[in-house]
Amino acid sequence: MLEPVSQTRPDDVQKPKPAVFLDRDGTIIRDAGYLRRVEDMDIYPFAAEAIRLINQSGRLVVVVTNQSGVARALWTKKPSDHTHGPPKGVDRSGARIDRFYYCPHYPDALVPEYRQKCECRKRTPGWFSPRQET
Ligand SMILES: [Zn+2]
């Protein structure tokens, strides 16, 4: 199961809304492989404005990303404060990411907890199925 970072607000659960799904790496931030430092997260100059426009359209912004660096033991911190989490600084222009999900799994993971062929990895048939948030 994808691991959610943002919390579900009770009013969001009650009312289904259209959503736009975005990848993080190569879409919102420059794809630099496995980021080692948050400071190296390079947000595209157009990303915040694009997200803000989606917000204004009434659609939810949902970011879904594969981050197997967790399984490869490259990162150990929680995603909200590390390189595999939401892009930092997008909200400076008033842009809002409503949900951020990442898949931390990898079949040959060093971290046993994440060693699996999961269904939440993008490009698998299951990644788009409804998520249970924890
Ligand atoms: Zn997964």
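1. Strand E4 (99-103) is mostly covered, with five of its five residues buried. Here a strand is a DSSP run of E of at least two residues and a helix a run of H or I of at least four, both numbered from the N terminus. A residue is buried if 20 or more other C-beta atoms lie within 10 Å of its own, exposed if 12 or fewer, and partly exposed in between, with C-beta atoms placed from the backbone. Arg99, Tyr101 and Cys103 point one way from E4, while Phe100 and Tyr102 point the other way; all are buried. In a regular strand, side chains alternate between the two faces of the sheet.

2. The model is a predicted one: local features need pLDDT of at least 70, side-chain atom pairs count only at pLDDT 80 or more, and totals for chains, interfaces and linings use all residues. Residue numbers start from 1 along each chain as its sequence is written.

3. The protein chain comprises two helices and four strands, following the pattern β-α-β-α-β-β along the sequence. Of its 134 residues, 28% count as buried. Among contacts between residues at least 6 apart in sequence, 69% join residues at least 24 apart; a contact requires C-beta atoms, placed from the backbone, to lie within 7 Å.

4. Strand E3 (60-66) has five of its seven residues buried, so it is largely enclosed by the rest of the structure. E3 runs parallel to E4, and five bridges join the two; strands are taken to pair if DSSP finds at least two bridges between them.

5. E2, H2 and E3 make a right-handed β-α-β unit. The term right-handed means that, with the strands pointing away from the viewer, the path from the first strand over the helix to the second runs clockwise.

6. In helix H2 (residues 47-56), the residues Ala47, Ala48, Ile51 and Ile54 are buried. Seen down the helix axis, the buried residues of H2 fall within an arc of 125°, so they line one face; the arc is that of the directions from the axis to the C-beta atoms. Their cover includes strand E2 (19-22) and E3. On the other side of H2, Leu53 and Gln56 are exposed. Just after H2, Gly58 takes a positive phi of about 90°.

7. Asn55 in H2 counts as partly exposed because it has 17 C-beta neighbours inside 10 Å. Neighbours within four places in sequence aside, Asn55 is in contact with Val61, Ala95 and Arg96. Asn55 and Ala19 are 36 residues apart in sequence and 9.6 Å apart in space, C-alpha to C-alpha.

8. The largest nonpolar core has 17 residues, of which Ile51, Val63, Val90 and Ile97 touch the most other members. H2, E3 and E4 each supply at least two residues of this core. Such a core is a set of buried Ala, Val, Leu, Ile, Met, Phe, Trp, Tyr and Cys residues joined through C-beta atoms within 7 Å. Not counting residues up to four places away in sequence, Ile51 touches Val61, Val90, Ala95 and Ile97.

9. Ala73 lies in the loop between E3 and E4, and it counts as exposed because it has 11 C-beta neighbours inside 10 Å.

Key:
Contact = placed C-beta atoms within 7 Å.
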